[in-house]
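Q: Hi! Could you walk me through this structure in plain words?

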Amino acid sequence: MNAAEIKRMRTESVLKELIPEALATLEDGFLKGLCVTDVECKKGRYDAFVYLDKTPFDEREQEYILAHLKRVTRHLQNHCMAAEGWYRCPNFHFKFDDRLEYQNHMDKLFDKISKDLDKNG
């Protein structure tokens, strides 16, 4: 692992803590309670993909949240820059995380296979 990768991972870790703090300062109830599941920075740390937990929201609420997050992105960046003393912050791209649903689906399939093997063998 080289120095650039370590810096990128450190930035991801810091953003994973700072973004929920910044969201908690907002007035909007939907945005206040968002759970950040992961942050992935691109190689140059100019862009950061912020993954949010989507389980408590339906499709319409998700669209509302993504639209409002685009509006407050600059506020979130300013909060992160002020907290860490950075002179620039990555551009945030918000997405809802499908990995948890995928993992739960895989767990159910493995449970089903396990039950079928126990029943048959």
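A: Happy to, starting with a term: a salt bridge is a side-chain nitrogen of Lys or Arg within 4 Å of a carboxyl oxygen of Asp or Glu. This is a predicted model, where local features need pLDDT of at least 70 and side-chain atom pairs count only at pLDDT 80 or more, while totals for chains, interfaces and linings use all residues. Residues are numbered from 1 along each chain as its sequence is written, and side-chain values use heavy atoms, with hydrogens and water left out.

Q: Thanks! How many salt bridges does a search of the whole structure find?

A: The search finds 3.

Q: Which residue does Asp38 form a salt bridge with?

A: Asp38 pairs with Lys16, and their closest N and O atoms are 3.4 Å apart. That links distant parts of the chain, since Asp38 sits in strand β1 and Lys16 in helix α1, 22 residues apart. Helices (H or I, at least four residues) and strands (E, at least two) are DSSP runs, numbered from the N terminus.

Q: And is Asp38 buried or exposed?

A: Asp38 is buried, with a relative accessible area of 17%. Buried means under 20% relative accessible area, exposed over 50%, and partly exposed in between (1.4 Å probe, protein chains only). Lys16, at 36%, counts as partly exposed.

Q: What about Arg8 and Glu12, how do their side chains meet?

A: They meet in a salt bridge, 3.1 Å from N to O. Both residues lie in helix α1, 4 residues apart, which is about one turn of the helix. Arg8 is partly exposed at 23% relative accessibility, whereas Glu12 is buried at 14%.

Q: Which residue forms a salt bridge with Asp98?

A: Lys54 does, with the closest N and O atoms 2.9 Å apart. This pair also links distant parts of the chain: Asp98 is in the loop between β3 and α4 (99-120), Lys54 is in the loop between β2 and α3, and 44 residues separate them. Asp98 is partly exposed at 45% relative accessibility, while Lys54 is buried at 14%.

Q: Switching topic: in what order do the strands of the sheet come?

A: The order is β1-β2-β3, in an open sheet of 3 strands with mixed pairing. Two strands pair if DSSP finds at least two bridges between them.

Q: Why is one side of β1 and of β3 left without a neighbour in the sheet?

A: β1 (36-41) and β3 (91-97) are at the edges and each has a single partner strand, so one side of each lacks a neighbour there. Neighbouring strands are turned by 20 degrees against each other on average, direction ignored. Axes are lines fitted to C-alpha atoms, for helices over the stretch in contact, and angles run from 0 to 180 degrees between N-to-C directions.

Q: How many bridges join β2 to β3?

A: 7 bridges join β2 (residues 47-53) to β3, and the two run parallel.

Q: Which strands does helix α1 touch?

A: Helix α1 (residues 3-24) packs on the sheet and touches β1, β2 and β3; contact means heavy atoms within 4.5 Å. Its direction makes about 140 degrees with that of β1. Helix α3 (residues 59-84) packs on the sheet too, touching β2 and β3, at about 145 degrees to the direction of β3.

Q: Last one: how many disulfides does the search find?

A: It finds 0, a disulfide being a pair of cysteine sulfur atoms within 2.5 Å. For Cys35, the nearest cysteine sulfur is that of Cys80, 16 Å away. Cys89 is in no disulfide either, and the nearest cysteine sulfur, that of Cys80, is 4.6 Å away. Cys89 is buried, with a relative accessible area of 10%.
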